[in-house]
Structures are given as C-alpha cells and as structure tokens.
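User: I would like to go through this model and ask, for each label put on it, what grounds there are for using that label.

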Amino acid sequence: MMTSVDTELMRVLGDPLRLRIVTLLARETLCTTHLVEETGARQTNLSNHLRVLREAGVVETEPCGRFTYYKLRPDVIAHLAGRFAELAESARTASENKRACP
C-alpha cells in the first residue's frame with residue numbers, strides 16, 4: 001500500500017524538469033551550473049526545483065568552495081522502486097480477483 005510519503009515522492013518526481021534532474025544526478029554528482037547547462041533551465045527555476053527535491057529527501061547537497069554539488073539519494077529511489085514492484089506483483093494476481101457486479 002502506498003503511503004503519503006510515497007505519494008509525495010511520486011508528485012515530486014512527476015514534474016518533467018525534476019525527473020530530468022534526478023536522471024542526470026543518477027549518472028554523476030553535479031553543481032547548479034552543470035545542471036543549468038544540461039537542462040537549459042534558468043538558474044532561479046532550477047534552484048526552486050532543487051529545493052523541492054532536497055526537502056523531499058531525494059537529493060542531498062555537498063558544499064565545495066563557492067559551489068554546491070547535488071547528489072541523488074539512491075535509497076529513496078530504491079524505496080520507491082520497491083513500492084512499484086509491489087504494485088506490479090499485485091497487478092499480476094489482480095485478474096484472478098474479479099468483483100461480481102450486483
């Protein structure tokens with residue numbers, strides 16, 4: 001069963017730009033400048049999306065001089081993947097569970 005935390009994570013990852021950011025961070029740790037270059041988003045817009053991802057616990061920051069690097073938290077993604085795997089398994093048996101119409 002999906003929890004409110006799972007639902008919030010899906011909402012956060014449902015935004016196309018945030019999903020693009022997560023996809024990029026799955027490959028390497030990047031700073032805001034790199035993410036602006038890769039996504040073409042404006043820095044302020046990108047920073048807002050990064051804040052949402054950080055508050056949801058999807059990414060964490062790593063200060064490096066005057067730059068802030070962002071890295072993906074794989075445990076959070078793995079947790080959500082596990083929930084989807086549970087849904088898939090439930091769907092496999094759902095065809096056997098047919099509710100009769102009144």
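Predicted model: local features only at pLDDT ≥ 70, side-chain atom pairs only at ≥ 80, totals over all residues.

User: Why is T32 called buried?

Analyst: The relative accessible area of T32 is 15%, and the word buried is used for values under 20%, so T32 is buried. The residue lies in helix α3, residues 32-39, and, leaving aside neighbours within four places in sequence, T32 is in contact with Q43, L46, S47, L50, T68 and Y70.

User: Why is R20 described as partly exposed?

Analyst: R20 has a relative accessible area of 33%; since buried requires a value under 20% and exposed a value over 50%, with partly exposed in between, the value for R20 makes it partly exposed. R20 lies in helix α2, and its contacts, leaving aside neighbours within four places in sequence, are E38 and T39. R20 and T39 are 19 residues apart in sequence, while their C-alpha atoms are 7.5 Å apart in space.

User: How do you know that the length of α2 agrees with its number of residues?

Analyst: Helix α2 has 12 residues, which at 1.5 Å a residue should span 16 Å, and its end C-alpha atoms are 17 Å apart, which agrees.

User: What makes the buried residues of α2 line one face?

Analyst: The buried residues in α2 are L17, R18, I21, V22, L24 and L25. Seen down the axis of α2, these buried residues fall within an arc of 165°, so they line one face of the helix. The face turned away from that buried side carries the exposed residues P16, A26 and R27.

User: What makes β1 and β2 edge strands?

Analyst: The sheet is open, with 3 strands in the order β1-β3-β2 and antiparallel pairing. Its edge strands are β1 (30-31) and β2 (59-64), each of which pairs on one side only. Between β2 and β3 the antiparallel pairing runs over 6 bridges, and the bridge partner of C64 in β3 is F67. Helix α4 lies across β2 and β3, running at about 115° to β2.

User: Which residues have the most contacts inside the largest nonpolar core, and which elements contribute to it?

Analyst: The largest nonpolar core has 21 residues, and those with the most contacts inside it are I21, L25, L35, L53, V58 and V59. The elements giving two or more residues to this core are α1, α2 (16-27), α4 (43-55), β3 (67-72) and α5, and the largest share, 5 residues, comes from α2. Not counting residues up to four places away in sequence, V58 touches L9, L13, V22, L53, K71, L72, R73, V76 and I77. In soluble globular proteins, nonpolar side chains tend to be buried together.

Methods: Residues numbered from 1 in each chain as written. Heavy atoms only, no water. Core = buried A, V, L, I, M, F, W, Y, C linked by side-chain atoms within 4.5 Å. Buried < 20%, exposed > 50% of the residue type's maximum accessible area, 1.4 Å probe, protein only. Helix = DSSP H or I, 4+ residues; strand = E, 2+ residues; numbered from the N terminus. Contact = heavy atoms within 4.5 Å. Pairing = 2+ DSSP bridges. Axes fitted to C-alpha atoms, helices over the stretch in contact; angles between N-to-C directions. Expected span 1.5 Å × (residues − 1). Arc of directions from axis to C-beta.
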